[in-house]
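Me: Before I use the labels attached to this model, I would like to see each one set against its cut-off. Please take me through them one at a time.

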Amino acid sequence: MRSRGWLGMGAGGLLLGALACTPEGELTSAPDVDPALDVRESQLPLRLHAQGITAGSYTQVYVATNANDGNQATYWEGAANAYPNWIRVDLRGVNSVNQVVLELPTTWGARTQTLSVLKSTDGVTYTQVLAPATYTFSPSANTVTLNFTATSARYVRLNFTANSGATGGQVSEFEVYGPGSTPPRSALTQLAASSHDSQSGMQLEASSEGGQNVAFIDDGDYLAFNTLDFGGGATSFEAGVASAGAGGNIEVRLDSLTGTLAGTCPVPNTGGWQTWITRTCTVNAVSGVHTLYLKFTGTGTGGLFNLNGFKFSAATASGGDAVGKLFAGYQGWFNAAGDGSPNNGWVHWSKNSSAPTANSNVNFELYPDLREYTPRTARCFPPITTS
């Protein structure tokens, strides 16, 4: 019976779907990070990129998404004379937040707006971060910065109750920031399992590959990694695993323990708690910034497997633009009188199938003209001959 230990690998990009897994080579260790770089980054505010923005109402064409498009000239405006107006960003994962920056178009004149800031981790229950107060937007910056004590939130909402320059709340850019000590990590690089932000039911132990792996994994245990950036999308999940037990499964979930299931990666018995292999599993594409949950399931006792690290990868092209497409061609065939063919006549040499006139141009054409296709993939077949 296992005496507690195992789990290793780092996080990368995610995607939804069932996983087809094949063992591969072991993952290499993560590169060292310059400590001086960490210090510099910890002194900077961290921009938290909203993955979604909604509002309780809007006027005419001034919709909520205008407040998250990176353009200070476009704006959201709440319904006229229908206070309170509200607008909310979804960070797609619980983050530490301590600052909100609001902008209006730089060409507008001065105005005041009365608003409050609220936060939520589930989108249902909200608590107040900043009480209602009146803020002045002044040309030409037209920017207001709201600072507060760092707090955990997935959703940040503004409630507007007055605007001296319009009949509804107005925002052209709604930005949320957090403490800068931990910038978003890329899900497309190797991450150590020991670098988790939270966990349930496990311990760390020394790994034969260096560093520490996560060990003593049982059914229902999990690891969570905050604010992982999957970029434009990932379709493959690799995990460094070892097991002298029954093995089990790694469920890849997004934003909560019961969130979207990106895929399930089976882990076999590898012959030892420090006998490492890499499992590579296909997942449905995941993009943007998410909190990653690795949930472990299995029926074995005394430990399922160890995890050393993991990584997500983007899909790679496997062929040209003609792959998976239907291509139709025309194969010319010709007969002549006396050539022994069943037709026993002139076929495709002239329009009327009669013998071409001696010393004259032969009137025939073959399709398609492949010069029309760029780029193209050509596939040639041997001619069919008759005897």
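What follows is a set of questions about labels and the values behind them.

Reply: This is a predicted model, in which local features need pLDDT of at least 70 and side-chain atom pairs count only at pLDDT 80 or more, whereas totals for chains, interfaces and linings use all residues. Residues are numbered from 1 along each chain as its sequence is written, and side-chain values use heavy atoms, with hydrogens and water left out.

Me: Why is strand E22 described as largely enclosed by the rest of the structure?

Reply: Strand E22 (residues 306-313) is described in that way because seven of its eight residues are buried.

Me: How do you know that strands E12 and E17 pair with E22?

Reply: Two strands pair if DSSP finds at least two bridges between them. Two bridges join strand E12 (residues 191-192) to E22, and these strands run antiparallel; Leu191 stands opposite Phe310 in E22. Strand E17 (residues 234-243) and E22 also pair in the antiparallel sense, over seven bridges, and Gly240 has Gly309 in E22 as its bridge partner.

Me: What makes a set of residues a nonpolar core, and which residues have the most contacts inside the largest one?

Reply: A nonpolar core is a set of buried Ala, Val, Leu, Ile, Met, Phe, Trp, Tyr and Cys residues joined through side-chain atoms within 4.5 Å. The largest has 31 residues, and those with the most contacts inside it are Phe237, Ile250, Leu294, Phe296, Leu307 and Phe312. Among the elements that give two or more residues to this core are strand E16 (222-229), strand E18 (248-254), E21 and E22, while E17 gives the most, with four residues. A second, separate core of 28 residues includes Val100, Leu115, Ala153 and Val176.

Me: How do you know that Cys265 and Cys281 form a disulfide, and why is the disulfide called right-handed or left-handed?

Reply: The S to S distance between Cys265 and Cys281 is 1.9 Å, and a disulfide is a pair of cysteine sulfur atoms within 2.5 Å. The torsion about the S-S bond of Cys265 and Cys281 is about 55°, so the disulfide is right-handed. The pair links distant parts of the chain, with Cys265 in strand E19 and Cys281 in strand E20, 16 residues apart. Both Cys265 and Cys281 are buried, and by this rule the count comes to one disulfide.

Me: Why are some aromatic pairs called stacked and others tilted?

Reply: Rings of Phe, Tyr and Trp (its six-membered ring) pair if their centres lie within 6.5 Å, and planes under 30 degrees apart count as stacked, over 60 as edge-to-face and the rest as tilted. A search of the whole structure finds ten aromatic pairs. One of these, Tyr62 with Tyr75, is stacked, at 4.5 Å centre to centre and 10° between the planes. At 24% relative accessible area Tyr62 is partly exposed, whereas Tyr75, at 14% relative accessibility, counts as buried. The rings of Tyr222 and Tyr293 have their centres 5.9 Å apart and their planes at 45°, so this pair is tilted. Tyr222 is in strand E16 and Tyr293 in strand E21, 71 residues apart.

Notes:
Buried means under 20% relative accessible area, exposed over 50%, partly exposed in between (1.4 Å probe, protein chains only).
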